[in-house]
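I opened the model today and kept notes as I went.

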Amino acid sequence: MRRVASTLSAEGCCATIPSRMPAPTESSPHTPLQEWLDRIARPIEFASRDAGAHLGAVTNLSSFISSQVLSALRQDVYSKAIEARLISLRDLFVDFQPALPLDEQRRRLQAATVLIKALRAIDQENLIPQKDLPTQVSSHPNVAGAGRSDLWNHSVRFIKGVGPKRTNVLQRLQIATVEDALWTIPWRYEDRSIMTPIGNLVPGMSVSICGVIGSCEAKRTRNRRLSLVEVGVEDQSGRMQVVFFNQPYLEEMLTVGTRVMMSGRVIADRQGWMVPRMEVAQYEVIGEDTESTLHVGRIVPIYHETKGWTSRQMRMLVRNLLADHGREVVDHLPVSLRARLRLIPIHDALQDVHFPKTGTDLQLLERGKTPAHRRLAFEELLLLQLALASRHRAVHEEPKELRFNSQTPLLDKLGRLLPFCLTAAQDRVIREIFQDMISPRPMNRLVQGDVGSGKTAVALHALVLACGSGYQAALMAPTEILAEQHYRNLSGTLQALGLHTTLVRGGDKASVKKIQAARLASGEVHVAIGTHALIQQGVQFKSLGLVVVDEQHKFGVLQRKTLIDKGYKPDVLVLTATPIPRTLAMTVYGDLDVSVIDVLPPGRKPVRTFLFQNAQRRRAYQIVRDELRAERQAYVVYPLVDESEKIDLQAAIQGAEQLQNGELSEFRVGLLHGRMKAAEKEAVMADFKAGRIQVLVATTVIEVGVDVANATVILIEHAERFGLAQLHQLRGRVGRGNQQSYCLLMAQHLGRGRAQSGGRAMGSEESVSTARERLEALVRSHDGFVIAEDDLRIRGPGEFFGLRQWGMPEFRVANLVRDADLLEQARQEAFTLLKTDPGLKESAHQELRAAMLRKWEKKLELGSIS
């Protein structure tokens, strides 16, 4: 009788195995894969001997093989051929239990032996490239530049399973190239790696099961003309029923005896709980001849879908791309940087973000905080920060031909003309601007200040310095209403200094434009005020020295290249009254030097803000009437998604009529909207400023810059449709004098409205709590920077900016709220890198430079992030 020994592996497969078990029959070289195969073959070979007579002595074979395969796949990257066979090996044992019929257990052991033999042959014959061997993977340096550098230009059209028709569909998901597809990451994940016995199913559970098709029957309903495929699935613990609608082809796929994995929600059967039913979200046929399971039996990635392209198709595309091109992806990050910041290689990041290893923390995946997510996000942020830092350097290295005279007597004269004293913050910012202007490098500065902080007075000093030094200046505003207001507010002071000012409007007669153009070209006009058309529509300056851009987010980041193409190299000063959280300022204005006016002029009282619902409307009107009877003035603002949307426009028009004939009939009500002619708008604004109109009903055209000190109350209709930052801007239209002012937020459908950013409605509906949270944040705080941070936290960067309107860069992986620390790190690394290698010319930085230019050259070098 042979002596036997009981062995227990570390992974928990217990078997009573002969002590003189024959060595593997293959004469194989000593490679890690061969050693792994030796280890896994031992219990399988023992269980197979003597027609399966020893099966009862082998326990936990299912969990042992599964854990061994997953461990191997986790540690190393293999070729497609090896990976497919490893997964097939796991599939054979995923539900390998003593309750299985003996013939089925023998069949699977035999199939496993064939797979092990095939794996030995592939490894022995060296059919896979050396880089796919575990020893090569672990020692592969993955240096920046190793790999194929043209995947960014390799169209998905020519990838198997795509073709011309699907290429058009994928473009809706912004996928045009292999690189695009690989960087289109899942938006969420589902853990389908745990298999639940069918006998344990309970209605309401979302589970994954593994079983065998016991029955499959195609039917057709009489009245609804639907085709049905009813499938019975069973395992050793029980049986369940699945119904597929309008998929008749499944009858041929899901034949009796086929092994499947399914994931979905368990529901109660109409006839009671005799046989559980499942609403199947995903299914997959498994077996020794199938490839790696993608849709069940693992943590499954879920992608955004569009008509004609499902998450299932995306998984298959990405799996094939990673198998065929994964090792060709260039790692743009230098090895030294990766090592210092402990960032994983690009291939590992892409593999792990799309197909996470079993055991990965699902919460980290959902929050985008895994090492893979952070690696990809950091690369995106670094490329942007390198581009911004490069442009910052380029602007500051431009030769400056302008010579400003900070001793011009006009500045002293201006100081005597102003009817108020500057705040300490205004003084500080003016010094920073003057320092830039008299320096030998061009100025490219952002002045950020809350509503009413006095940015216009600061800009006026810059205009006077430029004109007093013999140059012309241009002040550009986003709307004609604001341009006209700047003209009214500044022209008197400038005229008193002997400086001629002109207002350039698109709607002026050709004869007026011709005279203006001649006066600007001759240098007779010192300051031109208008919209951004000032630098686009045939306007020529004799000697343009300064461009001031007010509220630049309304028309995208200034195109500095446009100015240079016209032969100008002026100093540029950007003003914004929209406080921007620091992380976002680093992306939108990352190439500008920043000044902050953080003190309001003395005597300004905080605006008291109240939130009303429709049932409390009479109370709100009473506050408005009280102010009007005290000879103050009021705004009533209606949201406008788009000037062309007649419904919103009609609401404002009807609102004005109803107020005039109803609640505010004792006062004169005026109307202002963007579709009025310039002359009409000017007349209304003049009447409102003069006090002839007591109530101004307006669409969001008054959001920015309109300044009437006697206006002390603003009532905002449908407040839930506005973004927080925009509400703060609107609130800034009152409180500009010394009287107590009020902002009344009227919420019509709290929680059913759509958030509006920059005048554009966002697509997704909000919960009651989110809408209320935003509005209550405004009631709580008067600090624009605190409000901006709240807005960013509540709505996220996309909706905060209104991507296209703000010129916000779009990222595939990075999220500026979640990854604020990475953004800071990326900015530091970018400036450090450019300090040591200004042109990124070193060989280690070549790929990084190429990637930066591909991504941002057109969008950023011209000065536009739009």
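**Entry 1, whole chain.** I began with contacts. I found that residues 24 or more positions apart account for 74% of the contacts in the chain with a separation of 6 or more. I remind myself that this is a predicted model. I then looked up the secondary structure: the chain has 29 helices and 24 strands. Of its 866 residues, 53% count as buried. The chain exposes about 38300 Å², and carbon and sulfur atoms supply 50% of that area.

I checked the length of α28, residues 820-836. At 1.5 Å a residue, its 17 residues should span 24 Å. The end C-alpha atoms are 25 Å apart, so the two values agree. Next I asked which residues of α28 are buried. I listed Leu822, Leu823, Ala826, Arg827, Glu829, Ala830, Leu833 and Leu834.

I counted 7 aromatic pairs in the structure. One is Phe93 with Phe96, 5.1 Å centre to centre. Their planes are 45 degrees apart, and the pair is tilted. Phe93 has a relative accessible area of 0%, so Phe93 is buried. Phe96 comes out at 8%; the cut-off for buried is under 20%. Phe96 therefore counts as buried. I also noted one aromatic cluster, made of Phe610, Phe612 and Tyr742.

I found Arg312 over the face of Tyr283, 4.9 Å from the ring centre. The charged end of Lys855 sits over the ring of Trp856, at 5.6 Å from its centre.

How values were computed: Residues are numbered from 1 along each chain as its sequence is written. This is a predicted model: local features need pLDDT of at least 70, side-chain atom pairs count only at pLDDT 80 or more; totals for chains, interfaces and linings use all residues. Side-chain values use heavy atoms; hydrogens and water are left out. Helices (H or I, at least four residues) and strands (E, at least two) are DSSP runs, numbered from the N terminus. The expected span of a helix is 1.5 Å times one less than its number of residues. Buried means under 20% relative accessible area, exposed over 50%, partly exposed in between (1.4 Å probe, protein chains only). Contact means heavy atoms within 4.5 Å. Accessible areas come from the Shrake-Rupley method with a 1.4 Å probe; for residues, only the protein chains shown count as cover. Rings of Phe, Tyr and Trp (its six-membered ring) pair if their centres lie within 6.5 Å; planes under 30 degrees apart count as stacked, over 60 as edge-to-face and the rest as tilted. A charge sits over a ring if NZ of Lys or CZ of Arg is within 6 Å of the ring centre and within 35 degrees of the ring normal.
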